[in-house]
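Notes follow in the order I looked.

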Amino acid sequence: MSDCLFCKIIAGDVPSKKVYEDEYVYAFYDIDPQAPSHFLVIPKAHIASAAAVTPENSVYVAHCFEAIAKITKELGIESFRVVSNIGEQAQQSVFHLHFHVLSGRDMTWPPG
């Protein structure tokens, strides 16, 4: 989608600090980190949110989680939180499916 920030990052039109990339996913550090280590993993296919996952595009979601496992192992991260916000009330600000991976501090529950 031409107006999607994350599609522009994937295309290289908007700069990012890349963590990982393969044919299905792109991962980059968050510009406003909420933990000492905070990166996002996004599918290269435009999927609006987890609510828009279908049998046809779910391969991208599976690859996101495979990438999360690979990246955290490579970075030596053993404990982390994965978050995906769906919809405005849940604070989704970019409507392209993405997973926040946060680590390096104690996480509380409920988050806040």
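**Ground rules.** I took helices (H or I, at least four residues) and strands (E, at least two) as DSSP runs, numbered from the N terminus. The model is predicted, so to speak of local features I need pLDDT of at least 70, side-chain atom pairs count only at pLDDT 80 or more, and totals for chains, interfaces and linings use all residues. Residues are numbered from 1 along each chain as its sequence is written, and side-chain values use heavy atoms, with hydrogens and water left out.

Entry: I went to Gln91, which sits in the loop between strand 4 and strand 5. Its phi is near 75°, a positive value in a residue other than glycine. Is Gln91 buried or exposed? My cut-offs, with a 1.4 Å probe and protein chains only: buried is under 20% relative accessible area, exposed is over 50%, and partly exposed is in between. Gln91 comes out at 60%, so I logged it as exposed.

Entry: Next I looked for open space. Points are joined across faces, edges and corners, and the volume is the space filled by probe spheres set on them. The largest pocket comes to about 770 Å³. It is lined by 29 residues, and those closest to its centre are Asp30, Gln34, His38, Asn85 and His100. Two or more lining residues come from each of helix 1 (5-11), strand 2 (25-29), strand 3 (37-43), strand 4 (81-83) and strand 5 (99-103). Which element gives the most? Helix 1 does, with three residues. I also sorted the lining by class: 15 nonpolar, 10 polar and four charged. For that, Ala, Val, Leu, Ile, Met, Phe, Trp, Tyr, Cys and Pro are nonpolar, Asp, Glu, Lys and Arg are charged, and the others, Gly among them, are polar.

**Entry: salt bridges.** I counted a salt bridge when a side-chain nitrogen of Lys or Arg is within 4 Å of a carboxyl oxygen of Asp or Glu. How many are there in the whole structure? The search gave two. Lys18 pairs with Glu21 at 3.1 Å, N to O. Glu21 also bridges to Lys44, with the closest N and O atoms 2.8 Å apart. Glu21 is in strand 1 (residues 18-21) and Lys44 in the loop between strand 3 and helix 2, so this pair ties together parts 23 residues apart in sequence. I checked accessibility for each: Lys18 is partly exposed at 46%, Glu21 at 36% and Lys44 at 27%.

**Entry: two distances.** Arg105, in the segment after strand 5, is 69 residues from Pro36 in sequence but 6.9 Å away in space, C-alpha to C-alpha. Arg105 is partly exposed at 41%. Gly12 is exposed, at 56%.

Key:
1 Å grid on protein atoms, 1.4 Å probe; cavity = no way out; pocket = protein on both sides within 12 Å on 5 of 7 lines; lining within 4 Å.
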